[in-house]
Amino acid sequence: MIPQDFIQALLGRVDIVDVIDRHVKLKKAGTNFKACCPFHNEKTPSFNVSPNLGIYKCFGCGEAGDAITFLTKHEHLSYVEALRWLAKR
């Protein structure tokens, strides 16, 4: 079992914008970033990333989460593999 304080510290050190921008081209929109959602087809960007909150949310399909969730869903990594991926960066 991975300690919850380790996971929270890791998420605190990771820049979610950098993580997601490696896979999805993000554009600045105020204090957040936007893109077309990588989880469903769309023409108008509804995928939002909040660096302040460390989360993403698609207002089109409802997909949401943190950097770990993004890696598990988009890159098809296991939870532990996603943690390792983040820890290496």
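Is Ser-46 buried or exposed, judged by its relative accessible area? In this predicted model, the relative accessible area of Ser-46 is 13%. Because buried means under 20%, Ser-46 counts as buried.

Ser-46 belongs to the loop that runs between strand 2 (32–35) and strand 3 (47–50). Its side chain reaches the side chain of Glu-42 in a polar contact of 2.5 Å.

In strand 2, Phe-33 and Ala-35 make up the covered face, while Asn-32 and Lys-34 make up the uncovered one. Strand 2 pairs with strand 3 in the antiparallel sense, over three bridges. Within this pairing, Ala-35 has Phe-47 of strand 3 as its bridge partner.

Strand 2 also has a pairing with strand 1 (residues 27–29), again antiparallel and over three bridges. Here Asn-32 of strand 2 stands opposite Ala-29. Strand 1 and strand 2 form a hairpin with two residues between the strands, and in this hairpin Gly-30 takes a positive phi near 70°.

Taken together, strand 2 pairs in the antiparallel sense with strand 1 and with strand 3, and buried Ser-46 lies in the loop between strand 2 and strand 3.

Technical notes:
Residues are numbered from 1 along each chain as its sequence is written. This is a predicted model: local features need pLDDT of at least 70, side-chain atom pairs count only at pLDDT 80 or more; totals for chains, interfaces and linings use all residues. Side-chain values use heavy atoms; hydrogens and water are left out. Helices (H or I, at least four residues) and strands (E, at least two) are DSSP runs, numbered from the N terminus. Buried means under 20% relative accessible area, exposed over 50%, partly exposed in between (1.4 Å probe, protein chains only). A polar contact is a pair of N or O atoms within 3.5 Å; within protein, one must be able to donate a hydrogen and the other to accept it, and residues adjacent in sequence count only if both atoms are side-chain atoms. Two strands pair if DSSP finds at least two bridges between them.
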